[in-house]
Amino acid sequence: MKPIDTQIVIDNNGYSFSGDIDADSAVYRQAAESGAIVKAPLSTRFDISVGDGDFLLLGSLHGVMRLACARCLEAFESSFDQELEASYPKDAETIDPTEEFRQAIVLSVPEKPLCTPDCKGLCLTCGNNKTKNPCDCKV
């Protein structure tokens with residue numbers, strides 16, 4: 001997503017955007033550098049309003065990320081929805097919400113991602129995925 005010229009925001013007494021973020025956007029690379037593998041497309045909707053001393057961005061970000069289960073290490077996908085809120089100084093020439101998108105993605109990564117709530121994890125003896133392949137090991 002290209003930075004938004006603040007003069008356009010001022011001239012129109014606000015700015016609205018709704019759509020997908022291009023797959024070649026820096027948002028995907030920056031999220032991956034932070035440990036979140038996001039699948040394209042990311043969808044966003046936001047409004048920028050003109051305040052007394054600043055611009056206010058309010059909106060949401062929706063997407064799907066690939067995670068590894070904390071118990072069995074299997075890869076799985078999880079969708080997320082995050083609210084966006086940011087302010088920019090009135091003297092800024094452009095507004096680039098890329099950093100807000102990256103932060104929203106990173107905040108969406110669960111502390112302990114699980115493929116399913118009842119995942120039994122790996123057997124400590126044989127290494128089998130106990131949910132998919134129960135074993136008779138005694139631990």
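User: Hi! Where is the place of Asp11 in this structure?

Analyst: Hello! Bear in mind that this is a predicted model. In it, Asp11 belongs to helix α1, which covers residues 6-11.

User: Is Asp11 buried or exposed?

Analyst: Asp11 is exposed, with a relative accessible area of 58%.

User: And which residues gather with Asp11 in a patch of negative charge?

Analyst: That surface patch brings together Asp5, Asp11, Asp91 and Glu93.

User: Nice. Let's turn to salt bridges. How many does the count come to?

Analyst: There are 6 salt bridges. One of them joins Arg45 to Asp47, with 3.2 Å between the closest N and O atoms.

User: How exposed are Arg45 and Asp47?

Analyst: Both fall in the partly exposed class: Arg45 has 37% relative accessibility, and Asp47 has 35%.

User: While we're on Asp47, which strand does it lie in?

Analyst: Asp47 is part of strand β3, residues 37-50.

User: What does Asp47 touch, once residues up to four places away in sequence are not counted?

Analyst: Asp47 touches Tyr15, Ser16, Leu56, Leu57 and Leu58.

User: What about accessibility for Arg66 and Glu77?

Analyst: Arg66 is partly exposed, with a relative accessible area of 39%. Glu77 counts as partly exposed too, at 43% relative accessibility.

User: Okay, and what do Arg102 and Glu99 do?

Analyst: Their side chains meet in a salt bridge, at 2.8 Å from N to O. Arg102 and Glu99 are 3 residues apart in helix α3, which means they are separated by about one helical turn. Glu99 is partly exposed, at 32% relative accessibility.

User: Staying with helix α3, where is the place of Thr98?

Analyst: Thr98 is in helix α3, which runs over residues 98-108.

User: Buried or exposed, that Thr98?

Analyst: Thr98 counts as buried, because its relative accessibility is 10% and the cut-off for buried is under 20%.

User: Which residues is Thr98 in contact with, leaving aside neighbours within four places in sequence?

Analyst: Thr98 is in contact with Met1, Val27 and Gln30.

User: How about Val38, where is its place?

Analyst: Val38 is in strand β3. With a relative accessible area of 11%, Val38 is buried.

User: And its contacts, leaving aside the neighbours within four places in sequence?

Analyst: Val38 is in contact with Tyr28, Ala31, Val64, Met65 and Ile105. As for Ile105, Val38 and Ile105 are 67 residues apart in sequence, while their C-alpha atoms are 8.2 Å apart in space.

User: Let's change topic to the backbone. What kind of peptide bond joins Ala40 and Pro41?

Analyst: Ala40 and Pro41 are joined by a cis peptide bond, with omega at about 0 degrees. Pro41 is in strand β3.

User: What is phi of Asn13 near?

Analyst: Phi of Asn13 is near 55 degrees, a positive value in a residue other than glycine. Asn13 is in the loop between α1 and β2, and at 62% relative accessibility it counts as exposed.

User: And what about phi of Leu73?

Analyst: Phi of Leu73 is near 70 degrees, a positive value in a residue other than glycine. Leu73 is placed in the loop between β4 and β5.

User: Last one: is Leu73 buried or exposed?

Analyst: Leu73 counts as exposed, at 60% relative accessibility.

Methods:
Residues are numbered from 1 along each chain as its sequence is written. This is a predicted model: local features need pLDDT of at least 70, side-chain atom pairs count only at pLDDT 80 or more; totals for chains, interfaces and linings use all residues. Side-chain values use heavy atoms; hydrogens and water are left out. Patches are made of residues with over 30% relative accessible area and no salt bridge: like charges are joined within 9 Å, nonpolar side chains (Val, Leu, Ile, Met, Phe, Trp, Tyr) within 5 Å. Accessible areas come from the Shrake-Rupley method with a 1.4 Å probe; for residues, only the protein chains shown count as cover. A salt bridge is a side-chain nitrogen of Lys or Arg within 4 Å of a carboxyl oxygen of Asp or Glu. Lys and Arg count as positive and Asp and Glu as negative; His and the chain ends are not counted. The place of a charge is taken as NZ of Lys, CZ of Arg, CG of Asp or CD of Glu. Helices (H or I, at least four residues) and strands (E, at least two) are DSSP runs, numbered from the N terminus. Buried means under 20% relative accessible area, exposed over 50%, partly exposed in between (1.4 Å probe, protein chains only). Contact means heavy atoms within 4.5 Å.
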